[in-house]
Amino acid sequence: MQKAVIQLETLSCPSCMQKIENAVKGLNGVNQDSLKVLFNASKVKVDFDSETITVNDINKAIEDLGYPVVKSKVKSA
């Protein structure tokens, strides 16, 4: 398992947070219990199985919703 911290452009509404949460939870290889979408900080924190999914796949799922990813950091859990 690896941990990702993904910095987004400023989130403008709580429903944005819910959309991102649902999209990331639906990805295979994401630890759903670890997922946190931080509204005020505009960050997503999540643990994922790097053999199943990459941080780029997670970033793409978020960006496909229309929320630009500013940067992402990954470290071993």
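Predicted model: local features only at pLDDT ≥ 70, side-chain atom pairs only at ≥ 80, totals over all residues.
Me: What does the UniProt record place at residues 2-70?
Reply: An unreviewed UniProt entry puts the feature "domain: HMA" there; positions follow the numbering used here, feature names are shortened, and annotations may be inferred rather than shown by experiment. Over residues 2-70 the chain is 32% helix and 35% strand, and the end C-alpha atoms are 19 Å apart. Helices (H or I, at least four residues) and strands (E, at least two) are DSSP runs, numbered from the N terminus.

Me: How many salt bridges does a search of the whole structure find?
Reply: Side chains of opposite charge can pair when their charged atoms come close. The cut-off is a side-chain nitrogen of Lys or Arg within 4 Å of a carboxyl oxygen of Asp or Glu. Here the search finds three. One of them joins lysine 3 and aspartate 47, at 3.5 Å from N to O. That pair links distant parts of the chain, with lysine 3 in strand S1 (residues 2-8) and aspartate 47 in strand S3 (residues 43-48), 44 residues apart.

Me: Is aspartate 47 buried or exposed?
Reply: Buried means under 20% relative accessible area, exposed over 50%, and partly exposed in between (1.4 Å probe, protein chains only). Aspartate 47 counts as buried because its relative accessibility is 15%, while lysine 3, at 36%, is partly exposed.

Me: Which salt bridges lie within helices?
Reply: Lysine 25 pairs with glutamate 21, their closest N and O atoms 3.9 Å apart. Both sit in helix H1 (residues 14-25), four residues apart, or about one turn of the helix. Aspartate 64 and lysine 60 form a salt bridge too, with closest N and O atoms 2.9 Å apart. These two are four residues apart in helix H2 (residues 55-64), so about one helical turn separates them. Aspartate 64 is exposed at 56%, and lysine 60 is partly exposed at 49%.

Me: How many residues are in the largest nonpolar core?
Reply: In soluble globular proteins, nonpolar side chains tend to be buried together. A nonpolar core is a set of buried Ala, Val, Leu, Ile, Met, Phe, Trp, Tyr and Cys residues joined through side-chain atoms within 4.5 Å. The largest one here has 19 residues, and those with the most contacts inside it include Ile6, Val24 and Ile62. S1, H1, strand S2 (30-38), S3 and H2 each supply at least two of its residues. Leaving aside neighbours within four places in sequence, valine 24 is in contact (heavy atoms within 4.5 Å) with Val30, Leu35, Val46, Ile58 and Ile62.

Me: How do S2 and S3 run, and how many bridges join them?
Reply: Two strands pair if DSSP finds at least two bridges between them. S2 and S3 run antiparallel and are joined by five bridges; valine 37, for one, has valine 44 in S3 as its bridge partner.

Terms used:
Residues numbered from 1 in each chain as written. Heavy atoms only, no water.
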